[in-house]
Amino acid sequence: MKREQLKEAFERKKRFKNQLKTYRQKPESAKTPDVPKGLYEKCKECKTTVVVEDLIKNRFVCPNCDNHFRVRAVDRIGITVDEDSFVEKGLGYITLNPLFQDHYEQKISEYKKKTNLDEAYVYGYAEIKRHPCVIGVLDSYFMMGSMGSVVGEKVVKSVEYAMVKRLPLIMFIASGGARMQEGIYSLMQMAKTSGAIQKLNEQGLLYISVLTHPTTGGVSASFASLGDIILAEPKALIGFAGPRVIKQTIKQSLPEGFQTAEFLQDKGMVDKVVHRHEMQETLSKLLSMHEKGGRA
Amino acid sequence: MNILDKEKKLEALEKELSHLDDEDAIQDIRIKIEDYKRRAMKNLTAWDRVLLARHKKRPTAQDVIDNVFDDFIELHGDRKYGDDKAIVGGIGKIGGHVVTVIGEQKGKTTEENIECNFAMPHPEGYRKALRLMRQAQKFNRPIVTLIDTPGAFPGIGAEARGQSEAIAKNLQEMSQFGVPILAVVIGEGGSGGALAIGMGNQVFMLENSIYSILSPEGYASILWKDSSLAQEAAEAMKLTSYDLKELDIIDAIIPEPVGGAHREPEKVYRAIQSTLIQALAYYSQQSPYEIKTGRYAKYRNLGFFQRFNYENLKGVVK
């Protein structure tokens, strides 16, 4: 083998090891969640400034008005699963630019730096109050959690991982929909992920989807709406089309509270709206009731 | 000059033809018309194809059903809420096969369009489609779907009745049917609204139809904040039949006559018919298990990405 080739391969290995190292650090950072820049954060609902430390202690819920802040994937895992139990799977995916859109690669690399993720979806093995499960989280800070080829593939991989290990699957959804830059490939991910969920159904495994703010577009019209049990966070925006599009189409103002989690529970589209403080408890209860395939 | 302007010019030439009596002059104009068709109406841009796909006179799903299938009987309603006129469904015959046909219906006039909601289905439309597909599964009938929609309807009622759940459920169930699903994009294939009945074992497109994640106008306004750049967006989005064939998203292109399907619809109907019969013959040789797994594998492998495989380096580097 040529020396240059060897050198290149060696460097690649080194780079990958470094990448792995940053991933391995994640459970630790999940213990003390990422502090958003600055010491204060402004609540969008009640307009008061909240000390970030209080916010983290309060599971990213505004202590004043109970507004649920948007949560990064790392923090979501941190506030949901047992300490040190999370093991990330499905590393090393590289997003490409299938339709040669301008500035797409730059955008992706910017988001990669900003969020320290390689794509908008993270999954792995975890335990919630000692109940083992596969947990998948969409990060709305990574291009609005939009679903492109890599996210679609990783969602399917997480389903397949759950099937191999015969574990229940929990997904936290936060996504604007399909990723426009990957065009038709993103659209096809809807079919791909929905098909995978069907396989999971045939195997008799539990799939809980938790809809958080926002859940719209191609993600809500595929695997997000197919949970055996669908939970939602209070006041989360959930729907197929965004409110702006609906307004433009029907040329009317929308009713108060339209497309919120409570609205959908009222219409029978969501099983239960669960406060973030009770999420861990609810999930662990549900998991315990579905052990041994649901038979008590 | 886009295709609609060219069409007007062609129509003017044809009008001229009808006024003439002189044999030689008629011959002259005929040659001119043929020449014009050959030069100007071929090599269409993506935007031209968008305009053709949305053409007012383009054959609708009902036209295709009437002319391609024999003894079509329409079946209405989703048994839960109502009957959505944006989706036409029923049973028909084609080349000795009995099939379930589901199509998204556009109108030709404004009144017709209002009645069928500009081919934008509500949840009950998708649930009707699902009901008919389940029925097809029960009686082991192949399913043919005709796609022609700008997208699923974004409205208050549609959201309240679970538009996203309806689409997701369709996708989930379509992945497990043991009967072949053949999808034909006959006009606009818009986003999830198209995919919700279009998850086929084979997907065909008419030459001048489009299939995309979003309308070019929407794409331009979301990504470039300017909806007037729709023409550029149409090029960038790779939404024409030729682009999608190249990307391996669709299986075959059904050719159209020069100038679009509406100029000689009869030719298009025959082309659709022969394509469908061929595909049906192919799938009649396969078992339900093969059909189901084949479809799953097709969609499972769709995607364009890379994975850094650490395992591959083993043995190369110590």
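**How many strands does the open sheet of chain A have, and in what order?** It has seven, ordered 3-5-6-7-8-9-10, and the pairing is mixed. This is a predicted model, so to speak: local features need pLDDT of at least 70, side-chain atom pairs count only at pLDDT 80 or more, and totals for chains, interfaces and linings use all residues. Residues are numbered from 1 along each chain as its sequence is written. Strands (E, at least two residues) and helices (H or I, at least four) are DSSP runs numbered from the N terminus. Two strands pair if DSSP finds at least two bridges between them. At the edges sit strand 3 (87-89) and strand 10 (272-273) of chain A, each pairing on one side only.

**Close-up of strands 6 and 7 of chain A.** Strand 6 (residues 131-138) and strand 7 (residues 169-175) of chain A run parallel, paired over four bridges. Look for Val134(A), whose bridge partner in strand 7 of chain A is Leu169(A).

A pocket is an open set of points on a 1 Å grid over the protein atoms alone, where a 1.4 Å probe fits, with protein on both sides within 12 Å along at least five of seven lines; lining residues have an atom within 4 Å of a point. Of its 30 lining residues, Lys44(A), His68(A), Phe69(A), Arg70(A) and His213(A) lie nearest the centre. Strand 7 of chain A gives the largest share of this lining, three residues.

Terms used: Chains are lettered from A and ligands numbered from 1 in the order in which they are written. Side-chain values use heavy atoms; hydrogens and water are left out.
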